[in-house]
Amino acid sequence: MARKNLAPFVRSTDSVRHRMLDAILALCALFVIPIANTGPRLAVTAAFAVGICLLGEILFSLIARTPIAVTDLSCVVTGMTVTLLLPINVPQWLPATAALFATVVAKAPFGGTGRTPFHPAAAGVVFVTVCFPGQWMQTLPLARFPAWGDCVGEPVKTGARLLLEGLRPAADVNALVWRISPGAAGQTALLVLLAAGGYLLLRKTAGWEAPLCCLLTAGLAAFLFPRMVGARWESVVFELLSGTLLFCALFLAGEPCVSPRTRLGRCFFGAGVGVLTMALRRVGAYEEGALFALLLCNALAPWLDREAWTLCSKARELRRLPLLKHRKSGARGPSEPTENSNHEEGGALCESNASTPQI
């Protein structure tokens, strides 16, 4: 008898595999410009990371004596995401280690796809960032890198590193829109990132509330508390386009199973990611804070849901007060809202996204 996969949803007619395919298509778009500029190394590294994810999933299933579930393509998404969150020139054992940690530690022990409390790819990259900071921060100028083996060159400072030091990045704003810059591979041209993220939003593979609130709060923090000397609008542009903030907002923050289920909770979640990212960028030891902020907010997701439900319940009670007063007085106007309409208005912000799986 075929095993029925109930995770991570029970009422959706779309399969996890179809949604994973959407994520793979969106992520593939981010590989085009880096491969055109630096050669096939990024594709080789991604294939290696995906293979490690598959191997880790199979080995864990054999050891734990659980069914092997690799046909949902979640391992492919995890391996590709890990690769895009690291610089192209890093030793290829580094994304492999991150992919193995993401699969064996952050995903499989919790029940697999859709049941993880933390984003697996983010957890894997944070693990290698903390354990091997020297390797992760060695960013080389963009060049034709070898498909396999070590890359040699003089390390350069990324835009995120310059902002951490209070300096203005040398890259022009137009260059950030059309070209890639040294740093994480997923830090590709802005238009490509927006197009790939928009595809996920249109397909409803990811929610829009968390990404939007994340970028709005991060932009507001950059405007109010700039880390560089210059115009405030330049601070906003460089903060949003430097590092992995935009990638995390579009591809990681909107994933349903590691974010709150209510609409208001997802708004709180995205705002928290944006604020914590900017705070960690200012006081943290690393030039990047988006992944750390994302994992912290993953841990707060159940609490954010409870707070959202509490606020919605109080809002419903406040809307019902005029209705109760009219009932006590025995008068009812023709345009007076009913109890059902109050419930529908108050429940809009608490709408659940339980039918959407994790990518």
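Contact here means heavy atoms within 4.5 Å, and pLDDT is the predictor's confidence in each residue, from 0 to 100. The structure described is a predicted model. Over residues 354-359 pLDDT stays under 50, and the model has 38 contacts beyond four places in sequence for this segment. For the protein as a whole the mean pLDDT is 82, with 83% of residues reaching 70 or more.

The protein contains 16 helices and zero strands. Of its 359 residues, 51% are buried. Contacts between residues at least 6 apart in sequence were also examined, and 76% of these join residues at least 24 apart. The protein exposes about 16,700 Å², of which carbon and sulfur atoms supply 66%.

Helix H4, spanning residues 74-84, is mostly covered, eleven of its eleven residues being buried. The buried residues of H4 include Ser74, Cys75, Gly79 and Met80. Their cover includes helices H1 (16-29), H3 (41-64), H5 (93-104), H6 (120-131) and H13 (245-252). Thr78 is one of the residues found in H4. With a relative accessibility of 10%, Thr78 counts as buried because the limit for that class is under 20%. When neighbours within four places in sequence are left aside, Thr78 is in contact with Cys53, Ala102 and Ala121.

The largest nonpolar core comprises 66 residues, and Phe247 and Phe251 have the most contacts inside it. Helix H13 contributes the largest share of this core, eight residues. Apart from this core lies another, of six residues, among them Ala49, Ile52, Ala96 and Ala99. Beyond its neighbours within four places in sequence, Phe247 is in contact with Leu27, Leu30, Thr81, Leu84, Leu85, Gly186, Leu193 and Leu252.

Attention then turned to charged side chains. Side chains of opposite charge can pair when their charged atoms come close. In this model the count comes to nine salt bridges. One of them joins the side chains of Glu165 and Lys157, at 3.0 Å from N to O. Glu165 counts as partly exposed, since its relative accessibility is 37%.

A further salt bridge is formed by Arg263 and Glu209, whose closest N and O atoms are 3.4 Å apart. Because Arg263 lies in helix H14 (residues 263-283) and Glu209 in helix H11 (residues 209-224), the pair ties together parts that are 54 residues apart in sequence. The two partners fall into separate accessibility classes: Arg263, at 24% relative accessibility, counts as partly exposed, whereas Glu209, at 3%, counts as buried.

Glu239 and Arg227 also form a salt bridge, with the closest N and O atoms 2.8 Å apart. Glu239 is located in helix H12 (residues 232-241) and Arg227 in the loop between H11 and H12, so this pair ties together parts that are twelve residues apart in sequence. Both Glu239 and Arg227 are buried. Through salt bridges that share partners, Arg227, Glu239, Arg281 and Glu288 are joined into one network.

Helix H12 is largely enclosed by the rest of the structure, because seven of its ten residues are buried. The buried residues of H12 are Glu234, Ser235, Val236, Phe238, Glu239, Leu240 and Leu241. Just after this helix, Gly243 takes a positive phi of about 75°.

Methods:
Residues are numbered from 1 along each chain as its sequence is written. This is a predicted model: local features need pLDDT of at least 70, side-chain atom pairs count only at pLDDT 80 or more; totals for chains, interfaces and linings use all residues. Side-chain values use heavy atoms; hydrogens and water are left out. Buried means under 20% relative accessible area, exposed over 50%, partly exposed in between (1.4 Å probe, protein chains only). Helices (H or I, at least four residues) and strands (E, at least two) are DSSP runs, numbered from the N terminus. A nonpolar core is a set of buried Ala, Val, Leu, Ile, Met, Phe, Trp, Tyr and Cys residues joined through side-chain atoms within 4.5 Å. A salt bridge is a side-chain nitrogen of Lys or Arg within 4 Å of a carboxyl oxygen of Asp or Glu. Accessible areas come from the Shrake-Rupley method with a 1.4 Å probe; for residues, only the protein chains shown count as cover.
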